Amino acid sequence: MSILVVQLVPEGLLFGADRNITSQLTMRDGSVEIVVTGQSERPKVLKWPNHEVILGYVGAAEISQLPTDQWLYAFIGRNLEFPDLKTLAQMLTAELNALYTAGDFDGPSILHLGGFERVDAEWTPRVYFIRNTTALNPDGSYDVGDRFDCSEELAQPTYFGGKSGSEIRDYVRSHFFSFRQGFDLGSFGAIDESLRAAMQAIIHTHPSKPHPVPTTLNEWSKHVALAVHGYGAYFAAFYPPFQQYVGGGADVVWSAWPS
């Protein structure tokens with residue numbers, strides 16, 4: 001299932017993910033069926049060319065017999081121009097639903113599509129949540145439905161409701177704000193919280209000041225990468241090779257908050 005981190009900061013929006021892809025191969029040896037599980041490495045966070053629009057996923061390793069990142073790159077190529085983020089998210093949801101109902105892939109899949117849109121003359125962040133999951137269980141697993149749904153999350157009352165773009169930006173200047181999707185979020189949350197506390201101590205108390213307070217997306221990307229790498233280290237230390245559901249490095253892409 002892997003891990004996807006979505007973080008909103010005053011400079012913009014960042015998506016980070018590990019690179020491990022878990023796949024299974026079923027073989028038959030006479031009357032015995034053998035299921036072989038292994039990991040390969042592929043990107044899970046992507047960016048539109050010439051647009052500050054980003055996309056990340058966790059879940060199905062393949063869609064329509066293609067690695068999921070290749071299928072998503074093809075979708076980007078077919079939609080280099082689009083009227084707005086909502087329309088783009090609806091188009092992606094429709095294509096996924098058509099393939100999902102046709103049986104071209106299965107299992108839980110979660111995608112986030114993010115960027116910025118003008119709302120009442122202010123640049124406002126938007127994150128669309130596209131998923132075929134219906135619930136997150138206490139053990140960290142997901143229930144899967146029979147279709148993909150799509151919703152914009154930041155405008156939900158649970159998060160920022162009707163706040164303007166400038167109000168949201170002011171909030172994240174002093175508050176940590178992030179979405180996380182993937183495998184065993186309870187363990188990830190505990191590890192990530194401790195890593196963030198450690199980095200704050202290094203930034204503010206280390207005598208040689210090796211790292212600045214992040215004020216650019218490039219600097220923020222290192223903190224998102226640390227969250228992903230930290231969770232990957234947990235799997236490397238405690239799980240056998242065929243259960244390395246998170247690992248293989250970290251990729252981070254971002255969308256800059258327009259001026």
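Two residues are in contact when they have heavy atoms within 4.5 Å. The exercises below use a predicted model.

**Exercise 1. Find the surroundings of Trp220: which element holds Trp220, is Trp220 buried or exposed, and with which residues is Trp220 in contact, leaving aside neighbours within four places in sequence?**

Step 1. Trp220 belongs to helix α5.

Step 2. The relative accessible area of Trp220 is 18%. Buried means under 20%, so Trp220 is buried.

Step 3. Once neighbours within four places in sequence are left aside, the contacts of Trp220 are Gln7, Val9, Glu11, Leu14, Pro214 and Thr215.

Step 4. Take Leu14 from that list. Leu14 and Trp220 are 206 residues apart along the chain, yet 8.1 Å separates their C-alpha atoms.

**Exercise 2. Describe how α4 and α5 pack: at what angle do their axes cross, what is the hand of the crossing, and which residues make the contact?**

Step 1. Two packed helices are described by the angle between their axes and the distance between the axes.

Step 2. Helix α4 covers residues 185-205 and helix α5 residues 217-238; their axes cross at roughly 130° and come within 9 Å.

Step 3. Angles over 145 degrees count as roughly antiparallel and 65 to 115 as roughly perpendicular. The pair α4 and α5 is therefore oblique.

Step 4. The crossing of α4 and α5 is right-handed.

Step 5. From α4, the contact uses Ser187, Phe188, Ile191, Asp192, Leu195, Met199 and Ile203; from α5, it uses His223, Leu226, Ala227, Gly230, Tyr231 and Tyr234.

Step 6. By class, the contact of α4 with α5 has nine nonpolar residues, three polar and one charged.

**Exercise 3. Describe helix α1: which of its residues are buried, what covers them, and how does α1 pack with α2?**

Step 1. Helix α1 spans residues 68-78, and its buried residues are Thr68, Asp69, Trp71, Leu72, Phe75 and Ile76.

Step 2. Seen down the axis of α1, these residues fall within an arc of 160°, so they line one face of the helix.

Step 3. Their cover includes the strands β5 (45-47), β6 (54-58), β7 (62-63), β8 (66-67) and β9 (110-119), together with helix α2 (85-101).

Step 4. The axes of α1 and α2 are 12 Å apart, at an angle of about 135°. That angle makes α1 oblique to α2, and the crossing is right-handed.

Step 5. Trp71, Leu72, Phe75 and Arg78 of α1 meet Leu88, Met91, Leu92, Glu95, Leu96 and Leu99 of α2. The contact of α1 with α2 has eight nonpolar residues, two charged and no polar.

**Exercise 4. Sort the faces of helix α3: which residues are buried, and which exposed residues are on the face turned away from them?**

Step 1. In α3 (residues 165-174), Gly165, Ile168 and Val172 are buried.

Step 2. Their arc, seen down the axis of α3, is within 65°, so they line one face of the helix.

Step 3. The buried residues of α3 pack against β1 (3-9) and β10 (122-136).

Step 4. The face of α3 turned away from the buried side carries the exposed residues Arg173 and Ser174.

How values were computed: Residues numbered from 1 in each chain as written. Predicted model: local features only at pLDDT ≥ 70, side-chain atom pairs only at ≥ 80, totals over all residues. Heavy atoms only, no water. Axes fitted to C-alpha atoms, helices over the stretch in contact; angles between N-to-C directions. Helix = DSSP H or I, 4+ residues; strand = E, 2+ residues; numbered from the N terminus. Parallel < 35°, antiparallel > 145°, perpendicular 65-115°, else oblique. Left-handed = near helix turned anticlockwise from the far one by under 90°. Nonpolar A, V, L, I, M, F, W, Y, C, P; charged D, E, K, R; others polar. Buried < 20%, exposed > 50% of the residue type's maximum accessible area, 1.4 Å probe, protein only. Arc of directions from axis to C-beta.
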